[in-house]
Each structure stands twice: as C-alpha cells, then as structure tokens.
Amino acid sequence: MFWQQLVNGVTMGGIYALVTLGLTMVYGVLRILHISHAGVFALGAYIGVVALRLSPNLVVVTLLAMLVCGLVGVLMQRWLYRPLLGSSRIVPLIASIGMFTLMEDLFRLAAGPYVLPLPVRVPFGLDEVTTSVVTGNQLVVLSSAVILLVLAWFVINHTRLGLAWKATEQDFETAAAFGVNVDRAVAMNFLLGSAIAGAAGVLVGFYYNSVYPTMGSVPAYKAMAIAVLGGLGNVWGTVIAALLIGIIEAFLVISPVGLFLPRDSIAFVALILVLLLRPYGLFGRR
Amino acid sequence: MGLYQVTIAITIGIYIILTMGLNIITGYTGQVSLGHAAFFGVGAYASAILSVRHGFPFWAALPVAIIATALVGAVLGAVSTRLREDSLAITTIGINFVVVSVFKYSSFFGGALGIGGIRYPSFFGHMLTKPEYLPVVAACVALGIWFDRRLVRSWLGLALRAVGQDEAAAESLGVDSPRFKIVAFMIGTAYAGAAGSLYAHFMSFISPQDFGFPMSISIISMAVFGGLGTLRGAILGSCVLGLAPEVFRPLVDYRNLMYGAMLLLMMRFMPQGLIGDGSVIWERIRSLFAARRLPGRADERGGV
Amino acid sequence: MRSSGRWVPLVAVILLVGLLGTTALGAEPIKVGLHAPLTGFAAADGLSVRQSVELAVKQVNDAGGINGRPIQLVVYDDRADAKEAVAVAYKLIEQDKVVAVVGGSYSAPMRAVAPIYQQAGIPMVAGFAVHPDITRAGDFVFRCGMLGPIEGAAAGEVAGNVLKAKTACQMTMDNDFGRALAEGFRKRAGELGFKILWESLYPLGEQDFTPYITKLKQLNPDVVFTSGYYNEAAQFCKQAKDLGLKAQILGEEGFDSPKFIEIAGKASEGVIIVTNLNRDDTRPVAKAFIEDYRRLYKMEPDMVGASNFDALLVIADALRRAGSTDPRAIRDAIAATKDLQGATGVIRRFNKLGESTKPIQVQIVKDGRFRYFAEVGDPAIITPPEK
Amino acid sequence: MGHDVEIDLDRGHRAVLLEMRRVSKQFHGVRALQDVTLSVRQGQVFGIVGPNGAGKTTLFNIVCGVYPPTGGSVFFQSRDITRLGSARTARMGIARTFQIVRSFPRMTVLDNVLVGCGHRVYGTLSGLVGTYNRQSVRDKAMDLLKLVGLDHAAGTLAGKLPIGLQRRMEVARALALDPRLLLLDEPCAGLTFGESEDLVGLVQRVRDGGVTVMIVEHNMGVVMSLCDEIAVLDFGVKIAQGPPLQISSNPRVIEAYLGKEA
C-alpha cells in the first residue's frame, strides 16, 4: 500500500512540477506572477482535443500542443507583459488574472461547458501495462514528466540560452550590457515555459480523460504556492517542492488529518509554515 | 427605487468599504494582499455567530466583528513583516484558502451548510426592511470615507505612505515599518470586518464560498481599476466593477468574458487605473480644476 | 461621436415599433423566471437546466400554452453565487414581473433567494438544489428534486437490502450536497446494520482519487457510496478500475449524466446510482423528454435538466388549474398538485413544507447506457420531513 | 594588522558623540568590517575614505542600525545603540542620506521633508492621529527646503526631480530629524564641480548649526576642505585616522590607494 501511495504522490508531483516549472522560469526572468500560465496549461489540453483529428498519437498531439502554447506564451509576453514592465508590480498581476478569466470563458464559449474526453493512443501501448504498484496511465505521466524535465534541465544548464536567462535574472541592464539579447532571451523563456505547460495540459487531459474550461483554476494557485515554496525563480527548488507536495498530499489525504485539511490547502499551509522560517522559500535566495 | 436597485446599491456600498480597506493596505502601505475576502468572511461569520447564537443585536455585533477582524488582521500584519513582496502576495492567497476551509470544516462555523437566520438590524423595536438597510450601509460608507480622509491627513497616513513608497528611507526617518505595517493591516481588515458584518445581516445567510479567493480578486481588481493608492479610485472602481455584472446581465452568456477582457485591457492600456494619480483622465480633470482655481496654491496634498 | 448622435432617436423609434408589433400578435405571454449557473464552475449544469426548461416551455406552448397564452421564459445567470442570485431575484420580481420562478441553480444561491420570493409572494420551484432550508423559507417555496438525506437513505437501502452488503465505505464530496447524502446513508446503514469502515472527504473539483482508492483497496468493503458531480464521479470510477478496486461502486444523482459514461468509459460498466430519471421509463412524458432532448440538442439529457423540466411542468400545470396569473392562486394550485406525470417520475403531492414525494429510481450502467435496476418506494424512506 | 594608537589631538575639550569599539561585520563569509574602532567628537566633520568595497557603507549601515554588527559595539552619547533598529536610532538623532538616492517618488518634495519632521510622533500612539500639514511644521520644512535651495519645488512630486535635486531634498529631509549626527553617503557623487561647491557650503552651514557630520566621499578635494578628521578604511580594516594633512602624507594610505611603488 505504501509503495502505491508513493507512486500516486510522485505522479501528482510530476504534474505539479511541469505546471510550476514554467511559472518559476518566467518569474526568474521577469519577476512577474504569471497567473494566466494556468490558462496556457488548459489551452494545451484543448489543443490536444483539436489535434486528435490529425493524429491520435500522444507524442504528435503533445508536440502540437507545445508548439501552439509556446507561441501563445511568447505573444502574451510581447503584447501584455513587456509594455507593463515599467508600471508597479501589481499591474501585470491583475492583467494576468484578467487574461486568465478571459481564457477560461473563451474555452467555454468555443468548446462548450462540458467535459471533453481526450482518448489518445499511447505509443508501445504503455498505458495498458498495469502492475500492482503503478498503473499504465501513471507510467505514461511519469515517463513524459521525466523527459520534459530533463529537456528543461538541459536547456537551462547546458545552453547559451540558459546562460542568457541566468544573466537576465540577475539584472536586465547588466545582461544587456554584456551583449545578451534580453528581449529574445525573455521570449524564449516564455516559449519553453509555456510549451512545457501545454504538454502538461495534454498529459493531465489524457490522464483524467477530461478537458474542461475551468481545469486550470486549481493548478493556477497551487502552482503559485509551490513556486514560492521552492524559492521563487529557483527552478530545481520548485521541482523538488512539487514532488514533496504531491507525496505529502497523497499520504495526508487518507489520514484522519485529511478530514480537517482539504487537499488543496495543504500546499498553502506548508507554504505559510516554511515562509515563516525561511522567508525566501526552501531553496530561495535573497 | 425598487428592491433591485436597492440590492445593487447595498452590494456596491459593501464593495466600496472592502476596497477602501484594501486601498489602505495595498494602495497606501504597498503591502500586496490577495486574501482580503478572508477578512470579509471573518467579519461576516463573527457577526453571524454573535447575532444567531448569542442574540447580539446588529448594533452590538458590528463593532465586535470589526474588532475581531482587526485582531486577526494584526496576525497577518505580523506575518507580512517577515515576508517580501511576492511571497507575501502568495501567502495572502494561502491565508484566503485556509480561512475559507476553516469556515467549511468546523461545525462551529456551520460547516459547508453555512449559517442562516441572521436577522436584520432593528431600530427601537422596528425591524429594518431592505430599503431601510440602505441608509445604514451608506452611513458606514460615509464613516469609512471620513476615516480615510482623516488617516491621509494624519502623521500615521504619511508614515504608511512612506513605508509603501520606500521602506528603507522611511526607516531612516524614524518610521519603524513593521509596526506601521501591522497597523495598516489592522485598519484595512477592520474595514473588511465592517463590510462582512453588513453583508451577513443583508444576505441573512452566509456560506464559506462567498469569501473565497475569486472575491479577493474582485476587490483588488476594483482598487486597481479605479486607481490604486487613491480613495477616489477605490470608490469609482467599486461602482464600475460592482455594476458591471448587472450591466452585462443581458449578455447572459458573455458576462465573465467581458469582465476578464475589461480587466485585461484596462491594465494593459491604463495601468494607473481610471482616475489614479498620473492617469490621463485625472490629469485632465485636475487641469480643469486648476484652470478655475486661483493659480499658485502652494501644494497638492496626497491623493484625494 | 457627434455624427452618430443624429441616428440614435431614429433607431429607438424602430425598436419601439418592433416590440409593440410582436406582442400584439399572440395573446399576452405569461412570464416565468429561471435561475441557472450559465457561467463559472457549474456552467455545464447551467446549460442542461436551461435547455431542459426551454424544452418544457416549447412543449407547453406547442400544446396551446396556458389556456391559449404562451409562457415566456426569462433566464438569468447567477454563476451559482449567492450575491448574484439575490440581484437576479429582484430583477425577475420587479423588472420582469414574473409570476413564478424555476430555481435551477445550486443550494447556496437558492437558499439565499428563497426568503426573497417568499416575501415577494412569488412561487418558486427549486429543481435539484438539496439544501433543507430552501423550502423552510415559507409556503411559496417548493422543491421538485430529492432531499439530500432522503437520497442518501435510498442509497443505504440499495446497499443494505438490494446488494446485501455487509461492509461499506463513503467517499463524500465536501459541500452541502455531499454531506447531506452522507448523513442519509449513515443513518440508513445504522438502521440496516451494515458497517461503514471509513468515511473520507474530498474537495469539490478533485481529479486525483488514487490515494483514496489505494486505501479503499486495503479496506476492501463490499460497497463504496460516492457522492460527486459527473466529472469527479468519472475520475473515481476510472481510477478505481485502473487500480483494480473490487468493491461495487454506488453513486447518486450527480453521476446521472451521459458525460459520466463518456469520460469513465469501460470503468462505468456496472456502476449503480440512485437518481430520479429512469431511462427505461415507459411513461409518455419521460419518453417525450428524453427523445425531444436528444433531437433538439443532439446530446443525452441528465437528471439536472430533468428535475428542472419537471419544475416548469409543475408551474405550467398549476397555471392551468389556477386559471389566473395571480401568484397566490398559483401557489395554492402548486400545493394542490396531485399525481403529476413528470420526467423524473410521478410527483404524487407536495407536503406542507413544499417538498415533493416521488419514488427514487435506481439505475445501472449496462453496455454504456443507464438502465433500470430497481426503485425505492418505501414511504418510510422517501417521505420528506413536514417541518 | 595592529591599528595605530589613536592620536587624540583635541585632548577631549569636545565630548565624544559616537564611538565604535572593535566593530566587525561578516556577510556569508565575506569580512566587510574587521575590528574597527573610532570615535567622532561633537561638532566635527568626520570623513571616511577608502577604495570601493572597503566597507564604508557597511560602517554607515551599522551606525544607523540597518543591521547589527557580527562583533563589537556602537555607542551614541555613551548609550549602547548596537542592536537598536534603524527607526529607533533615527529617532535618537542619527540622520542619514543614501548612496543611491531614495526619495518617496509619489509624494511632493514638501511631503518628503514632512515625513522627517514626524520623528517625535512615530514612537507614540496619540501623536499619530494629528494632522501633519500644520502651518508650524510646514514652515520648518520650507525653511529646510530654502536651506538646500528647493523651496520653489515644494509642490512637485519627488520622482519627477532630477537626481541632483533629489539628493539635495534627501539632505533637507534628513535635517528635518533635528539630528545631532548626520551621515552623508557619497553626497557629491555625480554632481558638477559647482554643485559640489554648493554642497561643501551646505555642510559647513549644517556643522555651524551644531550638527556633527560623518561623510563618506571619494572626491578628495571635498574631503580635504571639509573634514576635521579622517579615517581610512581598506578591506574592512581601519588603516589610519587623523587630521587631513597627516592622512594625505601617511605612507600606508598612499599604498592602499595608489598601490605599491614599482
């Protein structure tokens, strides 16, 4: 029972990590709480539903979703966030919330309020494999999460782009002074962050076989809590925090405590406790 | 004025009180609070429990609810002194979620069923009807405005704005910012407590989801929409976004869409808010007044 | 801006004439109001409610309306939010001047508006909202759907006497709907003597049930009674099948939607639910509702729609019998409803509190469709409280 | 690194206002200050010089209580203020300006100065509710603005002023605290020669008004003409202290600044 619970927790943690990753990357570069990131996540799932007409293969559908969501992310950055960099910190936050509400309602108007299934065909029939500990679907989610996280790790740590992000993170002007095309770096950051969120959208749509307009609302704020818990801007801190929260939720929910503490506020309670001890999150720095 | 207009007027009055309170915390003192609805809830539940279970009349329940909420607000204020801007914003979201789940989970607060049977205030034995409740709300709004004007003109108000605009500079001038942040949270949440009490007695039935995070978003959107940091902005923002759902009601299916779009476009093209300091509209209004006023008035005191 | 100013008065005149024109043709319409959560998290149910009530109005008007006068439906969205529902109520009463209202939204908004309709003297018939206080607001408020505790007790009856379960667990959705159902089931389990091993609480909108199911597998109860709306229900059944949970899954009216079967897929096979819409119902009203709904909207009807469809029928029937649009007369006529043929079954009567008495249907999913499984008619269970 | 025996030229005819005993400060392993001991006398203009990163601003921040030292203690009017927060030290009469100017951008210049005038009230509760813009208080603020030549700009928003003027406003705002000790952190940075001249005149007028001044400055011309005594910091260590002439000829100071002769 323990191992199965652990797998349940890690699977959820993997999903949280994919959603939160983009959020932390964006915050790292622009210091913006990008709440409409969850709208991009839901958009990914909807692109999945549309892409099904082209090909039922999960990989093809995911790639398409990543492409579209990446572009949408760049558009958001260009059209919405860049012009607002000058104004006070709260303005992009409210604009992002407005965008998120707008996206949720656009999904409803475009695809109807009902839940849409996402019956994708998984390569090598991975989803049929069922062992006592891990279900097929969980295997699909875990393997995809690992692939995407490794991709992100590679880009961030081993490419010039990743270096440009680190420089931009420290200081816009100095980074630009050293020849970093800051604009392009920020755009690429949004591209990757949003693409991964799009992939997460498809994955969650497949795992639960359900795509609906408000599927982004819980991840939106829970991902925010996890991002802060891991240390805003610290990518790996966030991934670890996501896994931790996934596991804690799995075990806490079935324990007597679960009757008092609803699952979705566990992340926040953990956040408040940690922030009181370490104001910059588990792995955050000043 | 039909009951429909009275209902909307009372709702907008309650929004104005909430937004004025948030404006003191986030507008003047610069502490971003995305969980203001939690304190709206604390005031509502305090007033509901006092009046339903302990027979408090409205006139007694209101002040006690205000004080109770301010004390809870002080706790958030203390927490805020340890946190930096962004992690504070997210923590206030967390507090909103946690407070709502406390209402939902404990039977003391009536659990998921909420609390009903909250009586209207009675005035010398005569139970007020809804139209007669409007003046009570209007009086509270007026009181809130008067207190805000006094605050802005006081040393406390000046110190809060100093903390909000540059904490280190304020500290170097003798303003111990942690203490003032706590005071700002107490005042701001006291406003929310009053609004909560007024809401509970107006609706006569409250349930946990009335005070959830979407409500906090509405409140901060009103403050920012009108022009954060200004009283006039808080009032106008509450009226515009308070009326929006009714104005858009005929567009039955597109209401949420219009609300989101309005917020997005507003922030994108007029970040200072409709009539905030530095907004195009306010500058034009001021130039209108300035032209008529005797030129050369020495100063222009803080945002009216 | 100035140029368009000249056009405004002209346009207004045309509009006015247009409006007058239409009403002059048919007899003066009877306005009936409808609350529905058309946007927000409950938008799916809102759409079912609106489509079903509009279908009912169409059927009534096609059959000659109320002694020749057509029903005109006035729909407003309350986003399942108490504050908005209060504004909608006053708008319907004062501006649209409706003579009766169908309460097609969730418990919190319905409970907030019940006293308003009571005070205004406008009869309201709630569809599926389960909160007990709604009908306690007064004699102008009625309810077509079942009360939470009654439905829960019916589920207990099915588990204990029909499925002969010895042990059971409860997966309760954490809102007033879920808690009311759990209370009824617990009471009935006590009466029938089967043991509830574990009761867990999950948040509205939950998608990941794997932790709960892993524990349920360990406890291995005979029956798991789950409350939830169709998305939560489909996730629970799907993941239960994936993880190999053996227990018989027992659901309630929240499961009752074609979407549940579509999303849960193979995992919905064999799931039993207590509800009030019997797909194999041979009665003409139920058949007409199901077939018209499929033809008009190209999708399967569900319980949420059916119970509000019936609420409209109750009002229409009362309007015919009252022979007048005076709200007080309509209320008396509703109270005097007797054996009304509804989509969700025969509405025998409304008691003093305004609660309806109906046998509870038990459906089972066979080859991807809801089919008849049993019916709970024992008055001890289905009779609602009087006060 | 022994430190020079302190030459007490004035034989104590003026009281010691500020004293730092063996103060050191470490940031995550980096030693910003090490065993610094110095004392500033009433009415002096005390200069602190040294290459960038020598720990000058750290010393200022410790005196103002922005953060406590890792070791040693600070006395002001012989009262221990080592652990006192920056707000309380300010209220005791230690005012400061910042290396990078920190005005309240969305307040008028007058309001900026008025914030300083409130120092008597911030510690109390009852005083806080009074109106701040009373005539008496406004007159005092306007006088200070006249002193720094900004009375014409009283009504404009501080954020709209050029940096040079904002820096002058910061001095006026600090003086509003009626300080006994005024700490100026590189006040001449970025100023033209003429503006530096004005500033020297301003500091002298402030000193003549009885306010002791500590100044961190790179512009040696200003330091030499203004300061009665100078302390030199290098890598967090005080390598010399004394009157300007004696400091400029001290070999270790020259070495620290110009590096060893080849």
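This is a predicted model: local features need pLDDT of at least 70, side-chain atom pairs count only at pLDDT 80 or more; totals for chains, interfaces and linings use all residues.

Tutor: Residues are numbered from 1 along each chain as written, chains are lettered from A and ligands numbered from 1 in written order, and side-chain values use heavy atoms, leaving out hydrogens and water.

Student: How many aromatic pairs are there over all chains?

Tutor: The count is 44. Rings of Phe, Tyr and Trp (its six-membered ring) pair if their centres lie within 6.5 Å; planes under 30 degrees apart are stacked, over 60 edge-to-face, the rest tilted. Phe108(B) and Phe109(B) make an edge-to-face pair, 5.0 Å centre to centre with 80° between the planes.

Student: Which aromatic cluster does Phe108(B) belong to?

Tutor: One formed by Phe40(B), Tyr45(B), Phe103(B), Phe108(B), Phe109(B), Tyr199(B) and Phe211(B).

Student: And what about Phe209(C) and Phe236(C)?

Tutor: They are edge-to-face too, at 5.7 Å between centres and 90° between planes. The pair links distant parts of the chain, 27 residues apart: Phe209(C) is in the loop between strand S7 (195-202) and helix H9 (210-219) of chain C, and Phe236(C) is in helix H10 (residues 230-243) of chain C. Helices (H or I, at least four residues) and strands (E, at least two) are DSSP runs, numbered from the N terminus.

Student: Is Phe209(C) buried or exposed?

Tutor: Buried, at 0% relative accessibility. Buried means under 20% relative accessible area, exposed over 50%, partly exposed in between (1.4 Å probe, protein chains only).

Student: New topic: where is Ser47(B), and what does Ser47(B) touch?

Tutor: Ser47(B) is in helix H2 (residues 36-54) of chain B, and it is buried at 0% relative accessible area. Not counting residues up to four places away in sequence, Ser47(B) touches Ala61(B), Leu62(B), Ala65(B), Ser197(B) and His201(B) (contact: heavy atoms within 4.5 Å).

Student: Now the interface: how many residues of chain A are in contact with chain B?

Tutor: 40 residues of chain A are in contact with 39 of chain B. The two chains bury about 3,500 Å² between them, 78% of it on carbon and sulfur atoms. Buried area is the accessible area (1.4 Å probe) that two parts lose on being put together, summed over both.
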